[in-house]
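User: Please show me the structure. I would like to ask about its core and its cavities.

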Amino acid sequence: MASLSFTTSYQIEGAVDEDGRGPSIWDAFCTKPGKIASGHNGDVACDSYHRAEEDIALLKRYGAMAYRFSISWSRVIPFGGRNDPVNEQGLQYYIKLVDNLLAAGITPLIALFHWDLPDELDKRYGGLLNKQEFVADYVNYARVIFNALSPKVKYWITFNEPWCSSVLGYNTGMLAPGRTSDRSKSPEGDGATEPWIVGHNLLVAHGTVVKIFREEYQPLYGGEIGITLNGDWAEPWDPESAADVEACDRRMEFAISWFADPIYFGHYPKTMIAQLGNRLPQWTDKEVALVKDSNDFFGMNHYCSTFVKTEIGKPERTDTVGNVDILLQNKAGEWIGPETQSTWLRPSAIGFRKLLNWLSDRYGQPKIYVTENGTSVKGENDLPLEQALKDDFRVQYFEDYIGAMAEAYTYDKVNVRAYMAWSMMDNFEWAEGYETRFGVTFIDYQNNQKRYPKASATAMSNIFAKYIKNP
Ligand code: GBH
């Protein structure tokens, strides 16, 4: 299964006040001064709430086989909680979206949660920090969606990038809800407890919903469910240095194994236990039973590679990534890849192939779905429209990365079965606002969100036709 496409609710929909939608933590976060580039917000975004049909027609024209999107919890249950009313209009929006995708021959793949928690749940009980309440409300929300859509939708993602929700939402404060409150508490580390608590709660919520899906919905309608993690490939800064090689392991474990080890092995990775001690929550037997073996597929978002150097001794800065220093240059002064618009994103297709192999080896050849992969282009937002549409850099990126994935599949026997490009269209890039563009479709934000296919949109159909066969 290959797709040209992927989007998420808050990043594309807009219409934040319409048809009974309640506010999410992202609506609240965007009002905080200094949090989002140029003070942007998702009020209008790509206006996809009103243009879903136009977008599906575009997908069809691009030859997309699948479309991954996320559901806005606060559109469906405006206050979010299990005793709060369901907003029928919000639910109908997604039912119609799915029906229209299916009618167009496009397979829907749904993420239940891509960061936009109903704001009320954050206010009511601390949102993701409150295990008991959060899990119960998430279960209720998932049931509402499964009841409406599981007969039609065969691919489900419980959470997108729990690392981002935990670390960026509760430690660096870069993403909503923007908490940084317990940084620098203790001398033996940066002292943060909240990211590890949130990560744990997300895993328990994931495992609980997977169990319900498997017991109550899968037997009736089939379908698959899993979690999507994010992870860059880590390459040692000095390959001769054992310490740098170890730093790479720490980096990978703190990014990916934090969530994948409990799911595949039933415990946290050893580097995290060693570094975080009792700040890492303990697994109860009941929780292990819920979380272990809870992936039907391994969802992986991947963008780039970095060099990694040992950095023991500066824990206050790097605790959350594994006490490592992340660099773009190796010891010889070589850059990992060309510059993009995003400071964090340095492409390296070889790194992608290595990552796929690492996942496959460590987790016993799981079925992998690449649920996001793509790039911004340096200066793209400043180009006149005609030039922005000639995004050769992005075309090259996709060719290289999909080529590397095809090699991993063909020569390394990695069981990678789906690929979704980020993104079908330029959209609200969280803290980067609208200044960074990732789309294969240009959105003219100045002119009524008009859509223009970029060269990469055309290129993608050809790339897929070359490498990937159905399903
Ligand atoms: C994806 O995350 C998101 O899932 C998607 O919604 C988003 O639009 C896309 O990225 C493109 O930005 O200061 O080093 O913490 C990708 C993983 C992890 C990439 C956090 C950006 C922030 C830089 N992201 N990282 S850092």
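Predicted model: local features only at pLDDT ≥ 70, side-chain atom pairs only at ≥ 80, totals over all residues.

Analyst: Residues are numbered from 1 along each chain as its sequence is written, and side-chain values use heavy atoms, leaving out hydrogens and water.

User: How many residues are in the largest nonpolar core?

Analyst: A nonpolar core is a set of buried Ala, Val, Leu, Ile, Met, Phe, Trp, Tyr and Cys residues joined through side-chain atoms within 4.5 Å. Buried means under 20% relative accessible area (1.4 Å probe, protein chains only). Trp26, Ile256 and Phe298 are among the members that touch the most others. The largest core has 137 residues.

User: How much space lies in the largest cavity?

Analyst: A cavity is a set of points on a 1 Å grid over the protein atoms alone, where a 1.4 Å probe fits but cannot get out. A volume is the space filled by probe spheres set on the points, which are joined across faces, edges and corners. The largest cavity holds about 100 Å³.

User: Which residues line the second largest cavity?

Analyst: Lining residues have an atom within 4 Å of a cavity point. The space here is about 60 Å³. The lining residues are Ile25, Trp26, Phe113, Trp115, Leu128, Ser165, Tyr170, Leu175, Ala176 and Pro177.

Methods:
Buried < 20%, exposed > 50% of the residue type's maximum accessible area, 1.4 Å probe, protein only. 1 Å grid on protein atoms, 1.4 Å probe; cavity = no way out; pocket = protein on both sides within 12 Å on 5 of 7 lines; lining within 4 Å.
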